[in-house]
Amino acid sequence: MIDCPYCAEPIRAAAKKCRHCGEVLDIALRRAEDALRASERSGNVYMNAAVHSGPYRSPKSKLVAIVLALLLGGIGIHKFYLGRTAWGAIYLIFCWTFIPACVAFLEAIIYLLMPEDKFHEKYG
Ligand SMILES: [Zn+2]
């Protein structure tokens, strides 16, 4: 038996974790837990930074998407702008049918009615 260095309760010498205070005694295990905690913390920082200031991707502007859909929606420019490249290509291919122009007009209205946060949630 040895005394736990954290709570001074007697524990078994081979114990990796104190059963009284829950502190990790095994050095390798302790390092692993610290590393895990550190990576979780830096992960949270990264997430917060992305949400609040977005240094890695510029947020898409709802207004720009609406204007593009109204003016150039017939050739799918707003889809390219919002990162929906495949859809943009489909609009471009079918632009001569004027169907994409009609759909784009409706989408402009949808963007207009969509709350700002929901728009960013969907398109970034
Ligand atoms: Zn302890």
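Predicted model: local features only at pLDDT ≥ 70, side-chain atom pairs only at ≥ 80, totals over all residues.
## Basis of the model

Local features require pLDDT of at least 70 and side-chain atom pairs pLDDT 80 or more, while totals for chains, interfaces and linings use all residues. Residues are numbered from 1 along each chain as its sequence is written, and side-chain values use heavy atoms, without hydrogens and water.

## Packing of α2 against α5

Helix α2 (residues 62-72) and helix α5 (residues 99-113) have axes that come within 8 Å and cross at roughly 160°. The axes are lines fitted to C-alpha atoms over the stretch in contact, with angles from 0 to 180 degrees between N-to-C directions. The two helices are therefore roughly antiparallel (an angle over 145 degrees).

The contact (heavy atoms within 4.5 Å) involves Lys62, Ala65, Ile66, Ala69 and Leu70 of α2, together with Ala104, Phe105, Ala108, Tyr111 and Leu112 of α5. By class, nine of these residues are nonpolar, none is polar and one is charged.

## The two sides of α2

Lys62, Ala65, Ile66, Leu68 and Ala69 of α2 are buried (under 20% relative accessible area, with a 1.4 Å probe and protein chains only). Viewed down the axis of α2, these buried residues fall within an arc of 165°, so they line one face of the helix. Their cover includes α3 (77-81), α5 and α6 (116-123). On the other side of α2, Leu63 and Leu71 are exposed (over 50%).

## Positive phi in two loops

Ala8, in the loop between β1 (2-3) and β2 (10-11), has a positive phi of about 65° although it is not a glycine. Ala8 is exposed, with a relative accessible area of 53%.

Phe98 lies in the loop between α4 (85-93) and α5, and its phi is near 65°. Phe98 counts as exposed at 58% relative accessibility.

Note on methods: Helix = DSSP H or I, 4+ residues; strand = E, 2+ residues; numbered from the N terminus. Parallel < 35°, antiparallel > 145°, perpendicular 65-115°, else oblique. Nonpolar A, V, L, I, M, F, W, Y, C, P; charged D, E, K, R; others polar. Arc of directions from axis to C-beta.
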